[in-house]
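Hi everyone, thanks for coming.

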Amino acid sequence: MPTATRLLDAIVDHVDATGFRAHGLHVLVGDDFAQHQWAPDVRREVHSIAKGVCVLATGIAADDGHVDVDTPVARYLPEVAFGPGTDRVTLRHLLTMTSGVDMPWSATELTDWPDLAVEFLGRPSRGRVFQYANASTYTAMRVLRARVGDVGEFVSRRLFEPLGIADVPWRRCANGHVAGGEGLALRTEELARLGRLVRDRGVFRGERVVGARWCDAMHTDWVRRDGVDDGYDRYAMAGWGGPGRLWRLHGAYGQLLLFDGDTVVTVTADDHAGADALAAFVAEELARRAPTLPAS
């Protein structure tokens, strides 16, 4: 039995035994893959996995010479009144959640202010302090908008089209800008294509889509965090370290891209509380099957 099928069967058995509310599962090992659906594979919100899409979009724009992720974003948005210290914030800071700008998540943040990016950048920065915030990724995409035009159209043309994915809906704010770190809807199989691209360091079916360094940036140069659970103590550009030797892109309610060497496990679900336990099971299962792989 192929390796991907054996791993998929183990995960399916675990999901069925625990009652985790999965929609779909795709397992890729090398070029071997297997998939299983508990529900029709329709497009559903992938939540914060969209942050990974934003990193790839930024990488494509940087490779094209439109932006430099280490240049203060004030250079690209000269019309914005920046808060104290925030004028030194870069795209890298925005994408690694280290802008030091205090703006906790709100379900209504896209409508709480006339312009969320202007509000975010107008606040003071506390330096390179980590705070996970959708507003940070939204603001990064507003910077990109100033350099490449409509970000949704840019992503469709430069990222999704090479993956064979068309007409991807992306929620927008009242001002017409993409929501950034949320609001994308993909099928399980489409999400798995994104996982393959990241695993293969920016190449899909022999075509270079984005530079390898941007895929690497999702799981290197970790921002370390103390006093938090395993799986939330390391963050890079959209990627979380762990559990175990895995690293992952993780969206709310159980949207997961789990990476371990040449293996990518893609999960779509509606089970926020059970996602960490499922990721831990996959990590343990992969470590049991191949215990000598290096940690990511």
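Before I point at anything, a word on labels: helices (H or I, at least four residues) and strands (E, at least two) are DSSP runs, numbered from the N terminus. Please keep in mind that this is a predicted model, in which local features need pLDDT of at least 70 and side-chain atom pairs count only at pLDDT 80 or more, while totals for chains, interfaces and linings use all residues. Residues are numbered from 1 along each chain as its sequence is written, and side-chain values use heavy atoms, with hydrogens and water left out.

Let's begin with a loop residue. V101 sits in the loop between α3 (91-95) and α4 (109-112). Is V101 buried or exposed? V101 is buried, with a relative accessible area of 2%; buried means under 20%, exposed over 50%, and partly exposed in between, using a 1.4 Å probe and protein chains only. What does V101 touch? Setting aside neighbours within four places in sequence, V101 is in contact with T86, F120, R123, P124, S125 and Q131, where contact means heavy atoms within 4.5 Å. R126 is 25 residues from V101 along the chain, and the two C-alpha atoms are separated by 6.5 Å.

Now to the helices, starting with α7. Helix α7 spans residues 151-160, and its buried residues are V151, G152, F154, V155, L159 and F160. These residues cover an arc of only 155° around the axis, so they lie on the same side of α7; the arc is that of the directions from the helix axis to the C-beta atoms. Against what do they pack? The partners are α2 (50-63), α6 (134-148), β4 (185-186) and α8 (188-199).

On to helix pairs. Two packed helices are described by the angle between their axes and the distance between the axes. The axes here are lines fitted to C-alpha atoms, for helices over the stretch in contact, and angles run from 0 to 180 degrees between N-to-C directions. Take α2 and α7: their axes come within 10 Å and cross at roughly 80°. That makes α2 and α7 roughly perpendicular to each other. On the α2 side, the contact is made by V53, L56, A57, I60 and A61, and on the α7 side by F154, V155, R158, L159 and F160.

How do α2 and α6 pack? Their angle is about 30°, with the axes 11 Å apart. So α2 and α6 are roughly parallel to each other. For the wording, angles under 35 degrees count as roughly parallel, over 145 as roughly antiparallel, 65 to 115 as roughly perpendicular and the rest as oblique. In this pair, K51, C54, A57, T58 and A61 of α2 meet N134, T137, M141, L144 and V148 of α6.

Let's turn to α8, where I picked two residues. T188 is in helix α8, and T188 is buried, with a relative accessible area of 2%. Not counting residues up to four places away in sequence, T188 touches G24, L25, H26, Q37, D41, T266 and T268. R196 is in helix α8 too. With the sequence neighbours up to four places away left out again, R196 touches L28, G30, D31, V203 and F204. C173 and R196 are 23 residues apart in sequence, and their C-alpha atoms are 30 Å apart in space.

Next, strand β10, which holds H250. H250 is buried, at a relative accessible area of 13%. Among the residues H250 touches are S48, I49, Y232 and W240.

Finally, some backbone details. Where is the cis peptide bond that I'd like to show you? The bond from G242 to P243 is cis, with omega near 0°, and P243 lies in the loop between β9 (240-241) and β10 (247-251). D167, in the loop between α7 and β4, has phi near 55°, a positive value in a residue other than glycine. D167 is exposed, with a relative accessible area of 73%. Y253 has a positive phi as well, near 65°, and is found in the loop between β10 and β11 (255-260). At 40% relative accessibility, Y253 counts as partly exposed.

That's my tour; I'm happy to take questions.
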